[in-house]
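Please read them with the structure open.

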Amino acid sequence: MAKRTFSSFEIFLIFLLVITTGITVALLSLLFITSGTIENHTGFPSTQGPPATQSPPATQGSAAPQNSTPSRGPTTTQASPTPSTPEPTLFQNFSGYHIGVGRADCTGQVSDINLMGYAKTGQYARGILTRLYSRAFIMAEPDGSNRIVFVSIDIGMVSQRLRLEVLSRLQNKYGSLYRRDNVILSGTHTHSGPAGYFQYTTFVIASEGFSNRTFEYMVTGIVESIEIAHKNMKPGKIFINKGTVDGAQINRSPTSYLWNPQSERARYSSNTDKEMVLLKMVDLNGEELGLISWFAIHPVSMKNTNHLVNSDNVGYASYLFEQEKNKGYLPGEGPYVAAFASSNLGDVSPNVLGPQCTNTGESCDNANSSCPIGGPSMCVAMGPGQDMFESTQIIGRIIYDKAKELYESASQEVTGPLASAHQWVNMTDVTVWLNSTHTVKTCKPALGYSFAAGTIDGFGTVSFTQGMTEGDSFWDTLRDQVLGKPSEEIKECHKPKPVLLQTGELLNPHPWHPDIVDVQIVTLGFLAITAIPGEFTTMSGRRLRQAVREEFEAYGMLNMTVVISGLCNVYTHYITTYEEYQDTVANLSSGPKPPFFEELMSPLIPNIVDRAPEGTTFGDVLLPANTIYRVGEVVEVTFVGANPKNSAENRTHQTFLTVEKYEATSATWQIMHNDASWETRFYWHKGSLGLSNATIQWHIPDTAQPGTYRIKYFGHSRKQDLLKPAVLLSFESTPSVFEVQVTWFKKERNQQVL
């Protein structure tokens, strides 16, 4: 074997990795040395930041006034304290379901925190493109005895810590009404949301610490969305429809897909799941309440070069649908709620032009996703737009258009009882019967070499390529010296995957990966929703749906529609088929309850006092808007800024910006856009010693009316006097006023149109 040589740059990176790893492990050990693990925890304390100077207003996001085989009826899985919120009176004499929908902000901090998904060092949040929302749907039988809750959340994935805390707060407020078996929390899998809400060490390191302000913001938003749905439940009906979505996705691991048996592949017309399943919800008078859609697509139209918090392509589909149904409301407000939930998206990309070498333009659609010149780092999948913003809009609109078509033609009513089942399973020690004579056993988790390579949607680490089936002596030696050697048992169990990190055997300062995983299913008449704790590939998802369908058939329940809801309850990475890898409830035990760790590593980026340049104050205009703009142009204003993460603690303001239009008839300013609007962008520019600027852009849409406009900036500054605790002070900017004229500006031809 030829001797391995390294470039100067690689040697520098290796040195940096060793130093960084050593420092990180040392810091983690020190920070966790006194930490404890709470088993069977039933009430989790929450440490919150400084209280807001005023309570956030209720989100205008609710429409209606208020364990192997699925079972009906509530299960007694935990103590039931007296609910502090009275149960709304439910009208019982009708055919259908009680339905409640709710939406609440769960954005978290938008600066000084990693974005979750690409695991790219240095991809910190530096502003906001759209807010992130939790969208909750409650469905109950007419007598209210059996109910299920489905929550779709604009985050990368649901962490186990997040779910445990949400369930604890629901129990404290509602008793046994909302439980681990009938509440599903599902992440949309946007890669442009904040990290920092995990408790297992692998994710804590990737997040560069645990952010309690973001965790608290998310938990509060999720619980609030459920509360809104609960308060507004009313009788209604649910209709289901299905259809094919074309032009929105490609398989990003086509070589692995081809390892599946040809006879199995022949049953399907595509190497991705193109079917969208949609639920339409209305009240008994036909008033529209909301929708849930499941479709397999990765929300990675926004690349790993992005630094603005946003909900990506599926979030844009929600934005379009909710804006259409909530006319006259700002984004994030209004009664109608539309959720575009994740499914078996593991090998599905929205970057439909496929992988191309960024330096040569040629295709790199090969087994290793590598370019002849530059290797894997040059191989990137391209979206259909001129940039990632346009690609997000194009893919989001394709999803929206199909959903609108299915929604308008939905006529098959969903009827039948509700049921739910849940079990915690220790996935490190499960025996599986392959047939009547042969068994296999699961083992502890581990990350392989290909994990470090990333995907065509976002390249990972230097010196790693996709499809690696052999380790590297250099990296193995480095791992062994820093973290210890993986056991022969874990190496043998994970073959043919070469083990890079034996995360299941690393326990300090806390376990690096979860052992205990949620397994959950709910049924709504003939619809079964499987809550999957990870990313199923196309074919593994098809096999799961078929297996679940056959299990129902064995119990006489025919023609069940099975949907996969991805990124639910806890994250366990990717789930593939075996071939791709070569590259009753009454008696169902609850299983071993997962831990809830008390102490976690604080964020590596410290809080510092905000400062304004001499002679200025926070919110002062540094670069004003021009006097006149035309439709199609971009208004840009720069202000004296403060760190936006302060606004995740003090929520006096519900937006970082407003675009307002002067109405002469009433002599008032009307808000036309906020920071949840797709047409606005908020950039934060971090300086030194607490100095910073904030730049707000408004991309003037063709729907804008001529007139006088202004842009305002809202924020919070951190102040700390000697020997006193820090305080967060709210501020709002002086406005920057400008005119919008009737003519509009056509970029591609650089011409005015009257």
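1. Gln 423 has Val 519 of β25 as its bridge partner. The model is a predicted one, and this pair belongs to the contact between β18 and β25 (residues 516-524), which run antiparallel and share nine bridges. In general, strands of a sheet pair through backbone hydrogen bonds, in either the parallel or the antiparallel sense.

2. β18 and β25 are part of an open sheet of four strands, ordered β18-β25-β26-β28, and the pairing in this sheet is mixed. The edges are taken by β18 (418-426) and β28 (561-565); each has a single partner strand, so one side of each is left without a neighbour in the sheet. From one strand to the next the twist averages 15°.

3. Helix α12 (residues 538-554) lies across β25, β26 (527-531) and β28, and runs at about 135° to β28.

4. Which rings does Arg 161 lie over? Arg 161 lies over the face of Phe 210, 5.0 Å from the ring centre, and over the face of Phe 215, at 5.5 Å from the ring centre. Phe 210 and Phe 215 also form an aromatic pair with each other: the centres are 5.4 Å apart and the planes make 55°, which is tilted. Both Phe 210 and Phe 215 are buried.

5. The count of aromatic pairs comes to 25. One aromatic cluster is made up of Phe 618, Phe 639, Phe 656, Phe 682, Tyr 713 and Phe 731.

6. Is strand β13 (residues 337-341) mostly covered or mostly open? Strand β13 is mostly covered, with five of its five residues buried. In a regular strand, side chains alternate between the two faces of the sheet. For β13, one side carries Val 337, Ala 339 and Ala 341 and the other carries Ala 338 and Phe 340; these residues are all buried, and both faces are covered.

7. β13 pairs with strand β12 (residues 288-294) in the parallel sense, over five bridges. Within this pairing, Ala 339 in β13 stands opposite Ile 292.

Note on methods. Residues numbered from 1 in each chain as written. Predicted model: local features only at pLDDT ≥ 70, side-chain atom pairs only at ≥ 80, totals over all residues. Heavy atoms only, no water. Pairing = 2+ DSSP bridges. Helix = DSSP H or I, 4+ residues; strand = E, 2+ residues; numbered from the N terminus. Axes fitted to C-alpha atoms, helices over the stretch in contact; angles between N-to-C directions. Contact = heavy atoms within 4.5 Å. Phe/Tyr/Trp six-rings, centres within 6.5 Å; stacked < 30°, edge-to-face > 60°. Buried < 20%, exposed > 50% of the residue type's maximum accessible area, 1.4 Å probe, protein only. Lys NZ or Arg CZ within 6 Å of the ring centre and 35° of its normal.
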